[in-house]
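Visitor: I have not worked with this structure before. Could you take me through it step by step?

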Amino acid sequence: MEKKTNFELAVIQHVKEVRTLKKYSQRDIAAFLNLSEGFIGQIESPKNASKYNLNHLNKLAAEMKCSPKDFLPDAPIEENEGEQQE
């Protein structure tokens, strides 16, 4: 099974933090992206390979009235050799 990279996990965590801060539920995020609430749960689960793409981040930023940059880490994220995706 494909694993999320540390960078992908950091982006997902940033989205979750902004979502929580702005009091949006997984259901709200699903509605913004025209996806199922279950899929958002899969994205937020570190055990599932599902993740946001750049278009998702752009749409979320528009809906949550922030910048797509708000979802990105401030510094590069180190990946362990065994954890990188090919």
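**Salt bridges**

Guide: Glu8 and Lys51 form a salt bridge, with their closest N and O atoms 3.6 Å apart. Glu8 lies in helix 1 and Lys51 in the loop between helix 3 and helix 4, so this pair ties together parts that are 43 residues apart in sequence. Please keep in mind that this is a predicted model.

Visitor: Is Glu8 buried or exposed?

Guide: Glu8 counts as buried, because its relative accessibility is 17% and buried means under 20%. Lys51, at 25% relative accessibility, counts as partly exposed.

Visitor: Which residues are linked with Glu8 and Lys51 in a network of salt bridges?

Guide: Glu2 is linked with Glu8 and Lys51 in that network.

Visitor: And how many salt bridges are there in the whole structure?

Guide: A search of the whole structure finds 5 salt bridges. One of the salt bridges joins the side chains of Arg27 and Glu37, at 3.2 Å from N to O. Arg27 belongs to helix 2 and Glu37 to helix 3, so the pair ties together parts that are 10 residues apart in sequence. Arg27 is exposed at 56% relative accessibility, while Glu37 is partly exposed at 36%.

Visitor: What about Glu63, which residue does it form a salt bridge with?

Guide: Glu63 forms a salt bridge with Lys59, and the closest N and O atoms are 3.2 Å apart. Both residues lie in helix 4, 4 residues apart, which is about one turn of the helix. Glu63 counts as partly exposed at 28% relative accessibility, and Lys59 is partly exposed at 37%.

Visitor: Changing topic: which residues of the largest nonpolar core touch the most other members?

Guide: That core has 17 residues, and Ile29, Ile40, Tyr52, Leu60, Met64 and Phe71 touch the most other members. Helix 1, helix 2, helix 3 and helix 4 are the elements that give two or more residues to this core.

Visitor: Take Leu60. What is it in contact with, leaving aside neighbours within four places in sequence?

Guide: With those neighbours set aside, Leu60 is in contact with Val15, Ile29, Phe32, Leu33, Tyr52 and Phe71.

Visitor: Where is Glu44, then?

Guide: Glu44 is in helix 3. Glu44 is buried, with a relative accessible area of 15%. The side chain of Glu44 makes a polar contact of 3.0 Å with the side chain of Arg19. Not counting residues up to four places away in sequence, Glu44 touches Ile12, Lys16, Arg19, Gln26 and Tyr52.

Visitor: And His56, where is that found?

Guide: His56 is found in helix 4 and counts as buried at 15% relative accessibility. Leaving aside neighbours within four places in sequence, His56 is in contact with Leu33, Leu35 and Lys51.

Visitor: What does Pro73 touch, not counting residues up to four places away in sequence?

Guide: Pro73 touches Phe7, Ala10, Val11 and His14 on that count. Pro73 lies in the segment after helix 4 and is buried at 17% relative accessibility. Between Pro73 and Ala10 there are 6.6 Å in space, C-alpha to C-alpha, although the two are 63 residues apart in sequence.

Visitor: One last item: which residues form a nonpolar patch on the surface?

Guide: Phe7, Leu72 and Ile77 form a nonpolar patch there, with about 220 Å² of accessible area together. Leu72 is placed in the segment after helix 4 and counts as partly exposed at 32% relative accessibility.

Technical notes:
Residues numbered from 1 in each chain as written. Predicted model: local features only at pLDDT ≥ 70, side-chain atom pairs only at ≥ 80, totals over all residues. Heavy atoms only, no water. Patch = residues over 30% accessible without salt bridge, like charges linked within 9 Å, V, L, I, M, F, W, Y side chains within 5 Å. Areas by Shrake-Rupley, 256 points an atom, 1.4 Å probe, with all protein chains shown as cover. Salt bridge = Lys/Arg side-chain N within 4 Å of Asp/Glu carboxyl O. Buried < 20%, exposed > 50% of the residue type's maximum accessible area, 1.4 Å probe, protein only. Core = buried A, V, L, I, M, F, W, Y, C linked by side-chain atoms within 4.5 Å. Contact = heavy atoms within 4.5 Å. Polar contact = N/O pair within 3.5 Å; in protein donor to acceptor, adjacent residues only side chain to side chain.
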